Amino acid sequence: MIDQALQLLKSHNYKVTKQRKALLEYLSQHSDSFLSVTSVDAYMRTLFPGMSHDTIYRNIREFEEIGILEKKNRQGGASVKYQCDFDNFHHHHFICQKCGRVYEVKLDLSQIINDQLSGFEITDHRFELYGICAQCKQQSASK
Ligand SMILES: [Zn+2]
Ligand SMILES: [Zn+2]
Ligand SMILES: [Zn+2]
């Protein structure tokens with residue numbers, strides 16, 4: 001389950017410490033939604049009481065830099081999520097506002113950019129869909 005992440009760590013010359021491994025396992029077990037960085041920090045401190053906040057935050061940042069984690073800044077702080085797609089770091093999300101589950105969306109924006117923004121240089125973009133996922137819709141319909 002965390003093989004791809006371990007491979008990435010190794011290819012970036014990071015040591016696979018037991019702390020990093022525990023962090024990866026925790027994040028991969030919760031890979032279907034964003035977790036607040038503070039809650040990840042709290043979890044790690046219960047596992048490794050001697051681990052400093054700095055180290056935990058640094059590990060999270062390193063994971064994010066090499067693509068193991070996806071990050072999101074929201075009101076009330078940053079949250080992170082285990083990479084949904086190691087073959088396709090750049091992808092988009094549908095986020096259920098009820099259960100918080102994140103679904104990967106494959107979308108090619110180049111057509112839209114070509115058609116509507118011809119001659120522009122795009123330096124960054126964000127695209128996210130929000131709503132109620134099919135599972136939550138079904139649950140609320142059957143009640
Ligand atoms: Zn994703
Ligand atoms: Zn995109
Ligand atoms: Zn849902």
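Visitor: What makes the contact of Arg-58 with Glu-62 a salt bridge?

Guide: This is a predicted model, in which local features need pLDDT of at least 70 and side-chain atom pairs count only at pLDDT 80 or more, whereas totals for chains, interfaces and linings use all residues; side-chain values use heavy atoms, without hydrogens or water. Residues are numbered from 1 along each chain as its sequence is written, with chains lettered from A and ligands numbered from 1 in the order in which they are written. A salt bridge requires a side-chain nitrogen of Lys or Arg within 4 Å of a carboxyl oxygen of Asp or Glu. The closest N and O atoms of Arg-58 and Glu-62 are 3.5 Å apart, so the pair meets the rule.

Visitor: Where do Arg-58 and Glu-62 lie?

Guide: Both belong to helix 4 (residues 53-65), four residues apart, about one turn of the helix. Helices are DSSP runs of H or I with at least four residues, strands are runs of E with at least two, and both are numbered from the N terminus.

Visitor: Why is Glu-62 called buried?

Guide: Buried means under 20% relative accessible area, exposed means over 50%, and partly exposed lies in between (1.4 Å probe, protein chains only). Glu-62 has 11%, so the term buried applies. Arg-58, with 37%, is therefore partly exposed.

Visitor: What does the salt bridge between Asp-32 and Arg-101 tie together?

Guide: The side chains of Asp-32 and Arg-101 meet at 3.7 Å, N to O. Asp-32 lies in the loop between helix 2 (18-29) and strand 1 (35-36) and Arg-101 in the loop between strand 4 and strand 5, so the pair ties together parts that are 69 residues apart in sequence.

Visitor: Which atoms are the protein donors of the zinc ion (ligand 3)?

Guide: They are the SG atoms of Cys-96, Cys-99, Cys-133 and Cys-136, lying 2.3 Å from the ion. Donors are N, O and S atoms within 2.8 Å of the metal (3.2 Å for Na, K and Ca); water is not among the atoms, so sites may look incomplete.

Visitor: Why is the site of the zinc ion (ligand 3) called tetrahedral?

Guide: Four donors count as tetrahedral if all angles lie between 85 and 135 degrees. The angles among the four donor atoms here are 104 to 116°, so the site is tetrahedral. Along the chain, the donors follow the spacing C-x2-C-x33-C-x2-C.

Visitor: How do you know whether Cys-133 is buried or exposed?

Guide: Cys-133 has 3% relative accessibility, so this residue counts as buried. Cys-99, at 34%, counts as partly exposed.

Notes. Four donors count as tetrahedral if all angles lie between 85 and 135 degrees; four count as square planar and six as octahedral if opposite donors are over 155 degrees apart and all others between 65 and 115; anything else is irregular.
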